[in-house]
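Please read it alongside the sequence and the structure.

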Amino acid sequence: MSLKLGEILVKEGLITQQQLAEAMDYQRRNGGRLGSSLVKLGFVSDEVITEILSRQYGVPSINLEVYEIEEDVIKLIPRDMAVKYAILPVARTGATLTLAMSDPTNVFALDDAKFHTGLNIEPVIASENSILEAIAKYYSLPKSIELVETVKELEFSPTKVPSSSTNGIIATTIKTEELNFSLDTINLDTSSEQIESIQQIEESEEIDVKRLSKESEDAPVVRLVNALLVDALRRGASDIHIEPYEKELRVRFRVDGVLYEVMKPPISFRDGIISRIKIMSKLDISEKRLPQDGRIKIRIKVDNRSKELDFRVSTVPTLFGEKVVLRLLDKEKLMLDMTKLGFEPKSLEVFKRNIEKPYGMVLVTGPTGSGKTNTLYSALMALNKPDINIMTAEDPVEFNLPGINQVQMKDQIGLNFAAALRAFLRQDPNIILVGEIRDFETAEIAIKAALTGHLVLSTLHTNDAPSAVSRLVNMGVEPYLVATSVNLIQAQRLVRRICQNCKEEVHTPPDFLVQIGFSEEEAHKVKTYRGRGCNVCNNTGYKGRIGLYEVMEITDDIRELITIGATAMELRRKAIEMGMITLRESGLCKIRDGITTVDEVVKETVL
């Protein structure tokens, strides 16, 4: 059996056993290869390591410092691949490419190089340092797009902010005179301590990104990404959109359901910002052709207390680079008290009555971003007791709920909603939550579970509550099964709240109020309000959101209509006749109470 590098060096008297132990400890702390660690500590030279490895693997060595490589050969291997594997194309002879490598046993590097070039690969040994220096020499970029050089021009300096805006705290600003772009639109009035205090929480799954992280840990681009994350939290944003276009890079925040442009960094920052986010979310920075999903967990100091934040990261390749969207999952913003979600008292009573039934199905419908997950989590927490077994199948699991067994879907290994549901039924559950009913197979198992003594909660994508019945039937579920299994269907939307700091009465023509659903008499009496715009609400007039709810209980009369194949319109008429509050009526209630504006209700609901 061949000896390892460290053992060979000790055996030949080139290093001591103590030096080997120190190098291995350094390698454990900083990552990288043992040979590089020995060189960095000054125990041996690059040349010695290269010579030993050459003998060890039976591969010839090369001195890149005295070797001139042709430009056509360099172009055979892209820069990203060269950096990723620490490899360098040296020469081409016919269908064979000579490749300088620090580790000639790296089969992934060999396979990728062969696949990319279509040539046979013949490895030669060179030290890692000499390969990296040669990469910097041969792959030099034009100044206009060289991120490393551009970043060096950015300086971060503490600046005193007027006490009127930030109570005299020290904020971090960015000097950008040389780059000719402005950060005026993004609020960086965040203490340097806050931005510096962001720490990434390591997950149990280890991926080798330490070297890439270390290379950029001191770069201003890292501070810029940190500032974006902090500012998104301060503004109450739910999403961060980073969008590359042909000649510009745009950053937008979604606040209270509306996107606002906050920043336009130079296009040369595109790769640096996106790579930094991908490194933090443990994604493959060399893969730019396929969508990827990841997660970032950070810890930040806010008001002298440590706070953990969770970002769900999604990347999609677009025409001019990867678009990145970060969804901020802030546990403190999760509203688990159903009485504060926005239910009308009557609707809340009906909803509570049905989730407390021992079996049957409760469906929550609405478009993406309408608060369905929040409503279902609130229901689960109300039902969560020591004598109840609750299991959830989610894609993704957005928040960890104590006392509830949550399962993350993984389609790539066959763990989908249907497979999870089948497994759940063997786990003696009382309550099952299915993240979404997407197909007939999932719907069929969920209905069987509801008919065999389990309470099933799930979501559908439909415009209103009665349409959910048609959706299930269109999936292939028999109408009589829908009628007997479903207890309640609820549709919901989110509308923006009027900012209480700048709220003012505004005149709305009675004719228009009649058109949107008010009675003639009420249209002349009701008072309508809007937000004037102030510092508290970033001059939008809105602060926060509240739900509109349409709760349709499946009574015996409605069951009969479903069984005979009634249309969604017929079901809607019957439900209203029996007292159902529609989404529009729920919106009118919020207008009467001065919670939201007429514009918001008209935008989100129909008569």
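Phe343 counts as buried, because its relative accessibility is 9% (buried means under 20% relative accessible area, exposed over 50%, partly exposed in between, with a 1.4 Å probe and protein chains only). The model is predicted: local features need pLDDT of at least 70, side-chain atom pairs count only at pLDDT 80 or more, and totals for chains, interfaces and linings use all residues. Residues are numbered from 1 along each chain as its sequence is written, and side-chain values use heavy atoms, leaving out hydrogens and water.

**Aromatic pairs**

- The structure holds three aromatic pairs (ring centres of Phe, Tyr or the six-membered ring of Trp within 6.5 Å; planes under 30 degrees apart are stacked, over 60 edge-to-face, the rest tilted).
- Phe343 and Phe351 are stacked, 5.3 Å centre to centre with 25 degrees between the planes.
- Phe351 is buried, at a relative accessible area of 0%.
- Phe343 also stacks with Tyr549, at 4.0 Å centre to centre and 15 degrees between the planes.
- Phe343 lies in the loop between β12 (321–329) and α15 (345–355) and Tyr549 in strand β21 (residues 542–553), so this pair ties together parts 206 residues apart in sequence (helices, H or I, of at least four residues and strands, E, of at least two are DSSP runs, numbered from the N terminus).
- Ring pairs link Phe343, Phe351 and Tyr549 into a cluster.

**Charges over rings**

- Arg496 lies over the face of Tyr542, 3.9 Å from the ring centre (NZ of Lys or CZ of Arg within 6 Å of the ring centre and within 35 degrees of the ring normal).
- Lys503 has its charged end over the ring of Tyr529, 4.7 Å from the centre.

**Tyr245**

- Tyr245 is in the loop between β7 (237–244) and β8 (249–255).
- Tyr245 is partly exposed, with a relative accessible area of 32%.
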